[in-house]
Amino acid sequence: MSAWLGVVSANHVQRGVSLGIAQINHGKRTPLARMQENDWLIYYSPKVRMDGDETLRSFTAIGRLPDNEIWQADEGDFKPFRRRVQYRVDAEQAPVEPLKATLDLTSGPNWGYQLRRGLVPLSDRDFEIIRAAMGITS
């Protein structure tokens, strides 16, 4: 089991949670293929909306991948790749600021630069810290 951090605006995360799916990097297949069945996915949302200016900087959803199936959706001109996720609907948003001093993820001076990849692996330690901050104990 591994844990991953997906970087997606909060409004897109909310849509994914409502559909029970993950979509990373504007629907690219490669990041989804890096994750495996039973891996955990935590979303970090730097902003409320992708095209907006309102910052959020919070962990916004957490879930587990139940299988390895990746499929391509058809939304007219947009055909993103997706995976199923079993989201924990009891999770709470957790701001990154109070956790920055304790996370491996944020230990470097330019920690945000790595988030531009859209999907980054999380250390087991960071996963446990973030999961607890989101109110998930099991």
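Analyst: Let's start with a definition: buried means under 20% relative accessible area, exposed means over 50%, and partly exposed is in between (1.4 Å probe, protein chains only). This is a predicted model, where local features need pLDDT of at least 70, side-chain atom pairs count only at pLDDT 80 or more, and totals for chains, interfaces and linings use all residues. Residues are numbered from 1 along each chain as its sequence is written, and side-chain values use heavy atoms, with hydrogens and water left out.

User: With that in hand, is Tyr87 buried or exposed, and at what relative accessible area?

Analyst: Look for Tyr87 in strand β7, which covers residues 86–87. Buried means under 20%. Tyr87 therefore counts as buried, with a relative accessible area of 12%.

User: What radius of gyration does the chain have, next to that of a compact globule?

Analyst: The C-alpha trace spans about 45 × 35 × 25 Å along its principal axes. For the radius of gyration, taken over C-alpha atoms, the globule rule is 2.2 Å times the number of residues to the power 0.38. With 138 residues, that rule puts a compact globule near 14 Å, and the chain agrees, at 14 Å.

User: How is the ring pair of Tyr43 and Tyr87 classed?

Analyst: Rings of Phe, Tyr and Trp (its six-membered ring) pair if their centres lie within 6.5 Å; planes under 30 degrees apart count as stacked, over 60 as edge-to-face and the rest as tilted. There are four aromatic pairs in the structure. In this one, the centres of Tyr43 and Tyr87 are 6.5 Å apart and the planes sit at 25°, so the pair is stacked.

User: How many residues apart are Tyr43 and Tyr87?

Analyst: Tyr43 counts as buried, at 3% relative accessibility. It belongs to strand β3 (residues 40–47), while Tyr87 is in strand β7, so to speak a link between distant parts of the chain. The separation is 44 residues.

User: What about Tyr44 and Trp111: which kind of aromatic pair do they form?

Analyst: Tyr44 is in strand β3 and Trp111 is in the loop between β8 (94–95) and β9 (119–122), 67 residues apart. Tyr44 and Trp111 are both buried, and together with Phe59 they form one aromatic cluster. Their rings are 6.4 Å apart centre to centre with 70° between the planes, making the pair edge-to-face.

User: What phi does Asn25 have?

Analyst: Most residues other than glycine have a negative phi. Asn25 is in the loop between β2 (21–22) and α2 (29–34), and is partly exposed, with a relative accessible area of 22%. Although Asn25 is not a glycine, its phi is positive, at about 50°.

User: And where is Arg57, which also has a positive phi of about 50°?

Analyst: Arg57 is not a glycine either. At 48% relative accessibility, Arg57 counts as partly exposed. Its place is strand β4, residues 55–64.

User: Which residues is Arg34 in contact with, leaving aside neighbours within four places in sequence?

Analyst: Contact means heavy atoms within 4.5 Å. Arg34 lies in helix α2 and is partly exposed, with a relative accessible area of 40%. Arg34 and Leu119 are 85 residues apart in sequence, yet 9.1 Å apart in space, C-alpha to C-alpha. The contacts of Arg34 are Trp4, Leu119 and Pro121.

User: Last one: which residues does Glu69 touch, not counting those up to four places away in sequence?

Analyst: Glu69 is in the loop between β4 and β5 (70–72). At a relative accessible area of 40%, Glu69 is partly exposed. The residues touched by Glu69 are Arg82, Arg83 and Arg84.

Technical notes. Helices (H or I, at least four residues) and strands (E, at least two) are DSSP runs, numbered from the N terminus.
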